Amino acid sequence: MSTPALDVLEKRVLEAKTLETIRWALESYPDLMMTSGFNLNGTVLVDLAVRAGFRGELVFIDTLSHFPETLSTRDEIAARYTEVTLTTLTLEGSDLPGCGAANCCEVRKVLPLRKFLEAKQPSALLSARSRFQSETRAILNTVEDSGDYVKVNPLVEWSQEDLEAYAKKRDLPVNPLYWQGFLSIGCAPTTRAVREGEDIRAGRWEGQSKTECGLWWGDKAI
Ligand code: SF4
C-alpha cells in the first residue's frame, strides 16, 4: 500500500483534531449553538460539526441585504443537514439604518443575535473564524470566554487552502460567489470581490475603516 503524500496526511490530522475539538465542545457544553453567514468557513464548520455529532441550533441572521446566492446557500445547507435546526433571525421594524451606515451591522446583526442569545442562554457558541483571515483574527485562540459565552473556534488553524480542499473533497454547498472572488461574503451593498493580492477581507466595507461587523470583535461583540 502506498503512503499518501505528507500534505494529505497533514490535512487528515488537521481534520481529526478539529473533529475532536468539536466533540470536546459538545461534551463540555451540551447546549452548544452555532451561528453562520455561510461563508466558506461557515459551510466547512457546519459539515464538520454535524460529522462530530452536533445536533443543535444553527442560527443565520437575515439582514435583508444578503446576496440571493447567500440565501440559496442557506437553503441548500438546510436541505442537506437535516440533523440540525436552522433558525433564520429576521429583522423587525421598518426603521433600519441604510446599508453601510455606522450603526448598520449593530442594528441588523449584533442586536438581533444578542436578543436571541439572551432568550436562549446557551453556554457556548461555535464560531468558524480562522487565524489567516485577518490581522484581527491572527491572535485567535481555540477557546475564548466573552463573559456571557464560551466561544469555541475549531477552525483557527485552517488555511484558505485547507478549507477549499475540504469543501471540494466533501462536495459542500459553497456559496457560488466564493469561486468568483468573493472570499469573504457579507451583505451585498458592502461586499465586493477581492482583487489579486488583496487581503481575504479586503472586499468588505470598502472605503471604511471598519474590518469586522462587530459580532465577534468590538465593545458590543457577542
Ligand atoms: S454588512 Fe453592510 S449592509 Fe450588512 S449589516 Fe453590516 S454594514 Fe449593514
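In helix α5, which spans residues 160-169, the buried residues are Asp 162, Leu 163 and Tyr 166. Viewed down the axis of α5, these buried residues fall within an arc of 95°, so they line one face of the helix. The model examined here is a predicted one. Glu 161 and Lys 168 are exposed and lie on the other side of α5. The buried residues of α5 pack against two helices, α1 (6-28) and α2 (40-52). Asp 171 follows α5 and has a positive phi, near 50°.

The chain as a whole contains five helices and six strands. Starting at the N terminus, its elements run in the order α-β-α-β-α-β-α-β-β-β-α. The chain has 222 residues, and 34% of them count as buried. For this number of residues, a compact globule would have a radius of gyration near 17 Å; the chain has 17 Å, which agrees. Along the principal axes, the C-alpha atoms fill a box of roughly 65 × 40 × 35 Å. Among contacts with a separation of 6 or more, 72% come from residues 24 or more positions apart.

Definitions and conventions: Residues are numbered from 1 along each chain as its sequence is written. This is a predicted model: local features need pLDDT of at least 70, side-chain atom pairs count only at pLDDT 80 or more; totals for chains, interfaces and linings use all residues. A residue is buried if 20 or more other C-beta atoms lie within 10 Å of its own, exposed if 12 or fewer, and partly exposed in between; C-beta atoms are placed from the backbone. Helices (H or I, at least four residues) and strands (E, at least two) are DSSP runs, numbered from the N terminus. The arc is that of the directions from the helix axis to the C-beta atoms. Two residues are in contact if their C-beta atoms, placed from the backbone, lie within 7 Å. The radius of gyration is taken over C-alpha atoms; the globule rule is 2.2 Å times the number of residues to the power 0.38.
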